[in-house]
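Hello,

Here is the structure we spoke about handing over. My notes on it follow below.

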Amino acid sequence: MSLPPLLLVEDNRQDEMMIIRAFKKVALANDIVVCRDGQQALDYLFQPDDGTPLPAVVVLDIGLPRLSGLDVLAKIRETPATALLPVVLLTSSDEEQDKLQGYRSGANSFVRKPVAFGDFAETVASLGLYWTAINKTPSGTK
Amino acid sequence: MSSDLPHGSSESWLPNPKDNDQSIFNTNLLEALYHRASDAYLLVDGDGIVRGANQSLLDLFGYRREEIDNFPLERLIPVPFRQKHADYVLDYFKRPALRSMGSGLALFGLSSDNQAIPLDISLEPVKTASSHLAIAHVRDRRNEMQQADQFKLAEMFRLLVEGVADHAIVLLDPEGRITTWNSGAERNKGYTADEIIGRNFSVFYTAEERDLGRPQAELAHARDQGSVSSEGWRIKKDGSPFWASVSLTALRDAGGELIGFAKITRDESERMEKERQIRELNTSLEHRVIERTRQLLNANNELESFAYAVSHDLRAPLRAILGFSRALEEDFADSLPEGARRFLEEIKEAGIRMSDLIDGILQLSRVTGEEHRAEPVDLSELAVRIADDLSKAWPDRAIVWTIEPGLACKGDRRLIELMLRNLFDNAVKYSAQRHPAEIEFFAEPAPEGLRFHVKDNGAGFDMAHSKLLFSPFQRLHRQDEFPGLGIGLATVQRVVRRHGGEIAGFGRLGQGADFSFTLSGGHREFRP
């Protein structure tokens with residue numbers, strides 16, 4: 001049985017490339033599914049049963065157009081099937097208000113997109129490993 | 001009165017007490033006239049001695065008959081007039097003639113109780129067998145003078161009232177009909193005296209108030225209470241209304257009988273208008289303040305969301321620049337020639353500087369925008385801590401810190417620390433060439449309160465550029481001399497201002513800088 005994928009929700013193509021590069025560098029084995037906005041992410045997560053597994057972890061940018069990361073997070077938490085899904089919020093600033101609201105909305109972790117992605121690779125990778133390898137979440141198929 | 005006397009036949013009717021000649025009283029009637037006349041009579045001889053007086057004269061001067069006979073006439077004359085009078089008597093008897101009353105002399109008598117009495121006197125020479133006498137007809141002018149005074153007073157009062165231009169002063173008869181009209185009334189209400197005298201004062205009221213019986217009610221009130229004051233709309237001759245302040249006073253004669261009313265009206269339209277304007281001005285001022293405050297808040301919010309957007313949106317491309325530079329470096333290091341790697345370094349350096357600038361903008365906007373608290377802050381303790389941090393951050397530098405103990409203020413601890421840290425950072429940075437660098441933090445009293453100083457022995461600056469010190473992104477040194485963003489002092493100034501203080505920088509090239517500032521609530525704490 002293949003590993004559940006990692007869902008990356010990121011509208012900035014360059015950030016997406018950097019993040020995927022970082023994951024590749026730490027040799028993350030999971031597939032990475034990329035959604036470019038909030039609606040796409042919700043469609044992926046809540047599409048009618050098509051046999052695809054729930055992701056191991058959702059890496060979710062806060063600053064998405066239209067439906068924001070926090071909106072997506074709220075939807076994930078209020079839906080029983082996804083309520084326990086690990087979600088890592090990404091933000092490009094360390095604004096207190098963003099963090100606070102992120103945790104309040106039920107984020108499991110919070111990562112600031114650094115200026116240089118060197119350290120970020122390790123951070124995200126360890127997060128990926130934590131949620132995919134160490135932490136057993138009640139995952140399954142939809 | 002003198003004409004009532006039968007002086008034409010004087011020789012036959014005058015008494016002469018000296019000669020004891022009673023023959024001159026040839027009828028009882030004359031005697032009765034002399035003694036009972038309401039006018040006073042006095043007989044004087046050529047030596048100025050009183051030879052007779054009737055009852056009225058005795059009453060007038062306050063003497064008994066036996067006191068006044070053979071009395072020197074001068075005793076009946078006030079002292080200042082005596083000498084002149086003596087000369088006059090001598091003169092008179094040299095050329096005796098009839099002198100009638102009202103000849104223009106202001107004459108005075110002296111009563112037994114030393115009161116001066118204004119008199120009018122007519123003289124008529126009388127010749128008896130043995131002597132020359134003069135009969136003086138003396139008339140008391142006190143009442144007459146009083147009446148004249150009263151008349152004068154009344155006239156002055158009338159002129160005064162007439163001249164009052166900004167008050168309508170009007171007399172009404174007991175029914176409210178107008179009997180007098182002054183210039184103020186004409187000015188206020190537009191009627192001339194001819195047009196209005198005789199008409200009822202109710203014409204000044206609005207039709208509604210007349211229908212309600214308000215004019216009569218006010219008269220009744222004034223009659224009962226003595227006076228009544230009121231304010232209200234009144235109508236001018238041209239029909240235009242004005243805001244009047246009116247007082248109505250009942251006038252009564254000596255017997256208490258109502259003889260009319262005095263009515264004083266002041267046109268307060270101007271005052272009302274001014275008050276209205278002031279109210280309007282205040283209201284519009286209030287609105288403007290509210291509006292400006294709202295605009296300011298909006299601007300502030302916009303600035304904050306701008307700063308927020310800047311921090312997010314500018315960082316994304318920056319991340320890409322720095323991230324891909326690094327990726328390039330890492331993934332293709334082997335195939336990159338030396339020159340390309342150096343260019344990559346420059347790209348990364350510029351990117352990091354831009355990132356710092358963005359942080360600076362954010363910091364500045366936070367200082368200006370955020371709510372801040374007022375808590376006691378121990379400045380000296382804070383200074384020691386920051387100095388410690390900086391000494392550790394520059395282990396190779398020799399820095400001598402001199403920090404005055406016991407300095408404190410009230411403010412937002414986080415912002416105050418940010419300010420102090422910026423100033424100390426600068427002091428350390430610009431004293432890099434000194435061994436040792438000397439940095440002082442102390443306070444001294446100033447008229448506006450305690451003035452804090454952060455002073456160093458570093459590179460200083462040219463005072464000619466001092467006004468650029470606190471402008472954001474302005475720098476007085478080249479990047480390769482002292483690197484920096486030009487945000488630090490701008491931030492410091494904003495923090496100081498937010499704490500009700502102001503800051504000044506003093507420096508000389510090569511001789512160090514001294515930044516001094518005040519803070520509301522800045523003080524020295526005296527510890528036992």
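**What was found**

In chain B, B:L110 has B:A116 of β4(B) as its bridge partner. That pair belongs to an antiparallel pairing of strand β3 (residues 107-110) with strand β4 (residues 116-127), both of chain B, which are joined by 4 bridges. Please keep in mind that this is a predicted model. Between the two strands of this hairpin, β3(B) and β4(B), there are 5 residues, and B:N114 takes a positive phi near 65 degrees.

Chain B also holds an open sheet of 4 strands, antiparallel in its pairing, with the order β6-β9-β8-β7. The edges are β6 (167-172) and β7 (227-235) of chain B; each has a single partner strand, so one side of each is left without a neighbour in the sheet. From one strand to the next, the twist averages 25 degrees.

Within that sheet, strand β8 (residues 241-252) and strand β9 (residues 258-267) of chain B pair in the antiparallel sense over 9 bridges. One of the residues involved is B:R252, whose bridge partner in β9(B) is B:L258. Helix α10 (residues 214-225) of chain B packs on the sheet and touches β7, β8 and β9 of chain B. The direction of helix α10 of chain B makes about 165 degrees with that of β7(B).

A:V111 lies in strand β5 (residues 109-112) of chain A. A:V111 counts as partly exposed because it has 15 C-beta neighbours inside 10 Å, a count between the limits of 12 or fewer for exposed and 20 or more for buried. A:V88 is 23 residues from A:V111 in sequence, and their C-alpha atoms are 7.0 Å apart in space.

Regards

Definitions and conventions:
Residues are numbered from 1 along each chain as its sequence is written. Chains are lettered from A and ligands numbered from 1 in the order in which they are written. This is a predicted model: local features need pLDDT of at least 70, side-chain atom pairs count only at pLDDT 80 or more; totals for chains, interfaces and linings use all residues. Two strands pair if DSSP finds at least two bridges between them. Axes are lines fitted to C-alpha atoms, for helices over the stretch in contact, and angles run from 0 to 180 degrees between N-to-C directions. Two residues are in contact if their C-beta atoms, placed from the backbone, lie within 7 Å.
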